[in-house]
Structures are given as structure tokens and as C-alpha cells.
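Please read this short report alongside the model.

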Amino acid sequence: MPVIIGLVSEPVHREVVSKLNIILLRTINTVKAFAVQKAGADTMLVYSSGNIYNSNNSYGGFSDIRLKENIISGSSQWNDIKALKFKNYNLKSNPDLVQLGIIAQDLEAAGMSGLIGEHPATDAQIALNSELSGSMVKSVKTSVLHLKAVKALQEAMEKIESLEKRVSDLENF
């Protein structure tokens, strides 16, 4: 059964939080906005900055072969990774923090729309840019992007090993 967490009456809130070992911090200026605990220790924290931390540095998706079908070897990711355009930027909501990242619209222009997610603009986003009202906001599926980069790294390793063998063969000729 799905659990929906929101602003509910205090008795219900306490009961849900107690059963799920979840702490909701609803203070507007709080740093730690959401916490999951096991045996009284934090196991996952979500901060108001958007950062998420967990106790074992493990993030993942379902990967059991019994849940998958049509399995084939992954295709080359070399050109996709080469096409990435990294940018320095700051979010309008945090102008003092310069970040390094990918712009969703750049990925779309490079033909990688499968790496883009969309969700309705939130009130906070609309407050920063009124043009977003009634619009979808784009996000980058960074976990998928990381897998593409690992695949491209494997390809680079194969190329390096092949070149090393060719150099060795030439030196021993």
C-alpha cells in the first residue's frame, strides 16, 4: 500500500511516523527536512538543499534478472558521452552556489531525450520564473547518465588496451 506523507493532523502524523520510523521536519528554515531512522539512528536524510544522504552510500534500482526480459548487450555510449556539454551555472534559488552539470535542453538537442524527466512546475519554481506557470519542468536522469559513462569508460579501456598491444607489438618487431 502506498504511503503518502503530507501535512496531516498531529495524532495521525505521530502514528504514521512512529510505524514507519520516519521523521518529518516541517520547520520552514530547517536544514534537515526529512529523515528515516532504524533503531534510533539516521539511515537516510533529505535536506532542504535537495541533497540526499544515506548511511551506506548505496543507491540503486531493481536489477534482478528474474524481473527483466529481452536482455541484450548494451550498445556503444561513446558518442553520447562525447556529446555532453558540461556547464557551470547557479540556480536562481541559490545564486551564490556555482555548480557543474548538464542542461536538460542540451541533452534533448543532442538526441538524448531518454535522459530527461518532466514534472509540473512547483509553486516555488513558478515564484522564481512566472513563465513556468502551467508548464512542465525538465530534469536529468543522472543515474542513467552515470551508467552510460561507465559503459563509455569500458569502451575507452578496450581502445587503450588495443593500442597498448599494437605499440608493444611494434616495439618487439
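This is a predicted model: local features need pLDDT of at least 70, side-chain atom pairs count only at pLDDT 80 or more; totals for chains, interfaces and linings use all residues.

Numbering starts from 1 along each chain as its sequence is written, and side-chain values use heavy atoms, without hydrogens or water.

**The chain**

The chain holds 5 helices and 8 strands. Helices (H or I, at least four residues) and strands (E, at least two) are DSSP runs, numbered from the N terminus. In order from the N terminus, the elements run α-β-β-β-β-α-β-β-α-β-α-β-α. Of the 173 residues, 14% are buried. Buried means under 20% relative accessible area, exposed over 50%, partly exposed in between (1.4 Å probe, protein chains only).

**The largest pocket**

The largest pocket has a volume of about 1,700 Å³. A pocket is an open set of points on a 1 Å grid over the protein atoms alone, where a 1.4 Å probe fits, with protein on both sides within 12 Å along at least five of seven lines; lining residues have an atom within 4 Å of a point. The volume is the space filled by probe spheres set on the points.

The lining counts 35 residues, and Tyr89, Leu91, Gln99, Lys138 and Ser139 lie nearest the pocket centre. Elements giving two or more residues to this lining include strand S5 (86-91), helix H4 (123-128) and strand S8 (136-140). S6 gives the largest share, 6 residues. By type, the lining has 16 nonpolar, 17 polar and 2 charged residues. Here Ala, Val, Leu, Ile, Met, Phe, Trp, Tyr, Cys and Pro count as nonpolar, Asp, Glu, Lys and Arg as charged, and the others, Gly among them, as polar.

**Two residues compared**

| Residue | Place | Relative accessible area |

Which side chain does Lys148 join in a polar contact? The partner is Gln77, at 2.2 Å. A polar contact is a pair of N or O atoms within 3.5 Å; within protein, one must be able to donate a hydrogen and the other to accept it, and residues adjacent in sequence count only if both atoms are side-chain atoms.

Ser93 is 34 residues from Ala127 in sequence. In space, Ser93 and Ala127 are 9.7 Å apart, C-alpha to C-alpha.

**A charge over a ring**

The charged end of Lys159 sits over the ring of Trp78, 3.8 Å from the ring centre. This term requires NZ of Lys or CZ of Arg within 6 Å of the ring centre and within 35 degrees of the ring normal.
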